[in-house]
Amino acid sequence: MTVRNATSSGILIALAAAVLVVAAAVIGLGGLMRVTAGTLPPGYEQFKNDTTVFADGSDVVVQSNGEPAHGSPYFETSDPRYEAYNGPNGSFMLNPNMIVPQTFEFRLPASPAEATVHAETPLGPIGVALNGVALFNQYAGPGQQALTSEIDSFDQYNGHPQNTGLYHYHIVPLGLTVQNGPEALVGFLLDGFPLYGPQESGQAVTNGDLDQYHGHSHATDEYPGGIYHYHLTAEAPYINGDGFYGTAGAVSDVQGPAPTAAPVTTATSTPVTVETSEPSATPQATATPATVETSEPSATPQATATPTSPGSGPPAPALLGDVDCRGSVNAIDAALILQFVAGLLGSLPCPAAADTNGSGNVNAIDAALILQFSAGLIGSLSP
Ligand SMILES: [Zn+2]
Ligand SMILES: [Zn+2]
């Protein structure tokens, strides 16, 4: 982990130098790096696996590539991190996706507080584990689809990649809970509240010990004065219940899946997170909306980009499906719709282009149609 203080360039330079020394020292030790800084809330100094953590105003920023430090059958077999499945699930089935490094930036409130309205967690990252891996909620797709079949694609550390290679945990991240112990801090959800392991005082934590958001308040090792915190449980909903206890910060994937990603087909390299546990490489574009995991951080820069045309308002769309007003219809447009539907984006650059089937509202079906269109499976979009 790298820690820097965004508020003081002098400290930053000194710390950067120190970090370089430490980095050089730990490169041979699996990339683990632990540098503490007094400006961070407790627990953040435990991030590792080449994550970068720093305070920025009222936020804590965690940057990571999202790849686990532990092995996985979802690395290419030629990758030294490849580890064939050796877990206990006799029904394990490798999904067709491979782990691709991301460019995550999680922005969490440094002083988390209970929200007056508890927002549902989105699909996609809802938090970050101490190894920089994304945490996902208890659903496989829109409409609160259960993880039933997904679970069989979880590797021996309980993670798996979705179709853009974004590796994530929906349930107990065994790589962390085995290494650090079942009661230790595991990570933070986007609202800044910490997530602890599935045991407490030697006992398994159950849903009955927790409120509807899957947490409770008491003193912890990191917060001896007491704090609201979530717990992992062996039973659903595993990480979070009915939504965030606090107000969620943001997550973006600045560059999206790295261009050096393993060879993938055009369909599966789209930035849309269609997730499937099917073992065969079914073309993603033909997946039903039911299998779409609707959060895709990789398209955020497009969403926040200033429209290229002059004038203050968004340009009028000339093209149905051209949600980003860039003159073409492609997977980025679909990704924007999915982010919008998941609540990760407040608005679309060209909202009038989004309702591709003319249903009167914008939903994952519109995104699926764009994907099918861009894959050449349908000839046109029409309202
Ligand atoms: Zn998943
Ligand atoms: Zn507790």
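Visitor: Before we start, what counts as a nonpolar core here?
Guide: Take the buried Ala, Val, Leu, Ile, Met, Phe, Trp, Tyr and Cys residues. A set of them makes a core when they are joined through C-beta atoms within 7 Å.

Visitor: How many residues does the largest nonpolar core have in this model?
Guide: Keep in mind that the model is predicted. Residues with the most contacts inside this core are Val-62, Ala-129, Leu-135, Val-186, Leu-189, Leu-190 and Leu-195. Its largest share, 4 residues, comes from strand 9 (residues 185-189). As for the core's total, the count is 48 residues.

Visitor: And how many residues are in the second core?
Guide: That one is separate, and its members include Ala-335, Ala-353, Leu-369 and Leu-371. The count is 31 residues.

Visitor: Why is strand 14 largely enclosed by the rest of the structure?
Guide: Look at residues 227-231, which make up the strand. A residue is buried if 20 or more other C-beta atoms lie within 10 Å of its own. Strand 14 is largely enclosed because the buried ones number 4 of the 5 residues.

Visitor: Which strand pairs with strand 14 in the antiparallel sense?
Guide: Strand 10 (residues 194-196) pairs with strand 14 over 2 bridges, but in the parallel sense; there, Tyr-196 has His-231 as its bridge partner. The antiparallel pairing runs over 4 bridges, with Ser-217 partnered by Tyr-228.

Visitor: What is the mean pLDDT of the chain?
Guide: Of its residues, 73% reach 70 or more. Over residues 257-274, though, the pLDDT is below 50. The chain's mean is 78.

Definitions and conventions:
Residues are numbered from 1 along each chain as its sequence is written. Chains are lettered from A and ligands numbered from 1 in the order in which they are written. This is a predicted model: local features need pLDDT of at least 70, side-chain atom pairs count only at pLDDT 80 or more; totals for chains, interfaces and linings use all residues. pLDDT is the predictor's confidence in each residue, from 0 to 100. Two residues are in contact if their C-beta atoms, placed from the backbone, lie within 7 Å. A residue is buried if 20 or more other C-beta atoms lie within 10 Å of its own, exposed if 12 or fewer, and partly exposed in between; C-beta atoms are placed from the backbone. Two strands pair if DSSP finds at least two bridges between them.
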